[in-house]
Amino acid sequence: MNEIFAPAELGPITLRNRVIKAATFEGRTPDALVTQDLIEFHRETAAGGVGMTTVAYCAVAPGGRTDRHQIWMRPEAVPGLRKLTDAVHSEGAAASAQIGHAGPVANARSNGVPALAPSRMISPLSMRFMKVPDQDEIREVVAAHANAAKLAEQAGFDAVEIHFGHNYLVSSFLSPRLNRRADGYGGSTANRARLAREIAWAVRKAVGGRLAVTAKLNMEDGVPGGLTVPESLQVAAWLEADGTLDALELTAGSSLLNPMLLFHGSAPRKEFANVLPIPARWGFRLVGRAFLKEYPYQDGYLLERARHFRRELSMPLVLLGGITNLHTMQQAMTEGFDFVAMGRALLREPNLLHRIRSDATTQSACIHCNECMPTIYTRTRCVYRPDRTGAPIPLTLSGTEGGPKDPA
C-alpha cells in the first residue's frame, strides 16, 4: 500500500500518490465553458484522495468536439478552468487537461463545423461526408494542440493528456481501417503514426518541462482491420524514442465502432436507447447489439494487453481498466506499471481511495452495470448514487445529438 500512496514523479511534477482519475466526459458544460457543477465534480474527486484528476474533454478546436456542449480551448475558457484547477489544488491534488480532436467522432450538425476524418467516409452522427484534411490543415491541427497546451498552462493545469485513443482524430489516423490515405500520413505504420508524433512534439515544445505531457493511446481498436497490439506497440516505441511524453496511459476500443472494449461489464443498450430522440432510438434498437458488444468484467481487464507494452518499453505507463481495489493496484505496481487510472469506480464513490487507505480489504461499490454511460448525454453520474447537489441536468438532446461520445 505504501508504494501506491507515496508521492511519485510524473515528468516535472510530483503527485501525492499513484492513482489518477481517468478522463470521463462530465456532461457539465452546456455552454462549452466551465460551470460550478464541473468544478465541484473535480473538487470532490480531488478531496477523495486521487493524486491527479483529469478534465475531459478539452477540444483543441470547435470542430474537435463530439458536440457543441464540450469545452474547446480558447481564451474565454481560461478563467473558468483556472477556478477549477484552484479548487483541485486546494484539496491537494494535481489537475490534468485532456486535449485532442474528436475527428470522426465529432458531430458536425451540432458543432456547425465539418468533422474531420483521415479518409473519405460518412459520419454516423451527422450522416454527412466528413472533411479529409490536406497537409496544410493537418499542420493547423498540430498547431491547435500546442495552443491548447499553452492555454492549459495559463489555466493552472499541472499536466496535459493528449487523446490518441478511441478512434478520435489521431487514433483514426493510426487505424488501417479508417486511414486509407496515399500521402505521407497513410499507408505504412510509420506514416499513420506521423500525426501522433508531430502532435506530441508540438505539445512538448509548447509546455514540456513545466507541465507533464502524457498521451492516452489505443492498444487496439477491437474491430476488424483496426489498429492491433503489435502495431500500437511499435507506435509506442517510436513515441518513447522521441522523448516527447512523460507517460502513456493504455486504453482500447473505439467510440465510433466498439466502445464496450474499453468498459467491460453489462452493455446498457436499453438505457442508451431511452435517451435518444425517436428516429435515432429506432435505429439504435436495430444496431445496438452489434454496436454495444458485451465483454465480461474482471479486475484489471486491460492488463494482459498492457503487459506487452510493459515488457518492451521503459517509459512510465498508466494502467487503466478495472482498477477498483487495493489488490489490483498492487498487482499493477508489482508488474512494473507506474500509475493506475480509475473511472467508473470514482463516479460511484469519489472517496473510494480514503476508504481503501483506512481498510485494505475495501471493495468498490461499482457493479459494472455501465448505466453511467448513457448519462453522458445529460449529466455524467452513477445512477445508484443519489445527487445531493440539487444541480439541474444541463444538457438537452436534439434530434442530431444522439451519437456516441467518449465516456472515458
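Start by selecting Ile 122, which is partly exposed, at 43% relative accessibility. That label applies because the value falls between the 20% limit for buried and the 50% limit for exposed. Keep in mind as you look around that this is a predicted model. To find your bearings, look at the loop between helix 4 (108–111) and helix 5 (135–154), where Ile 122 sits.

**The wider region**

Next, select residues 3–241. The UniProt record, in an unreviewed entry, lists this stretch as "domain: NADH:flavin oxidoreductase/NADH oxidase N-terminal". Colour the stretch by secondary structure: 37% of residues 3–241 is helix and 15% is strand.

Zoom in on Ala 56 and Tyr 57. Is the peptide bond from Ala 56 to Tyr 57 cis or trans? It is cis, and its omega angle is near 10°. Tyr 57 belongs to strand 4, which covers residues 52–59.

**Two positive phi angles**

Move to Ala 32, in the loop between strand 3 (19–21) and helix 2 (36–47). Its phi is near 65°, a positive value in a residue other than glycine. Is Ala 32 buried or exposed? With a relative accessible area of 3%, Ala 32 is buried, because buried means under 20%.

Then jump to Asn 370, which you will find in the segment after helix 16 (352–358). Here, too, is a residue other than glycine with a positive phi, near 65°. Asn 370 counts as buried, at 2% relative accessibility.

**Last stop: a buried threonine**

Finish at Thr 328, within helix 14, which runs over residues 326–334. Thr 328 has a relative accessible area of 3%, so it is buried. Which residues are in contact with Thr 328, once its neighbours within four places in sequence are left aside? Show Asp 299, Gly 300, Gly 322 and Ile 323 to see these contacts.

Terms used. Residues are numbered from 1 along each chain as its sequence is written. This is a predicted model: local features need pLDDT of at least 70, side-chain atom pairs count only at pLDDT 80 or more; totals for chains, interfaces and linings use all residues. Side-chain values use heavy atoms; hydrogens and water are left out. Helices (H or I, at least four residues) and strands (E, at least two) are DSSP runs, numbered from the N terminus. Buried means under 20% relative accessible area, exposed over 50%, partly exposed in between (1.4 Å probe, protein chains only). UniProt positions are given in the numbering used here, feature names are shortened, and annotations may be inferred rather than shown by experiment. Contact means heavy atoms within 4.5 Å.
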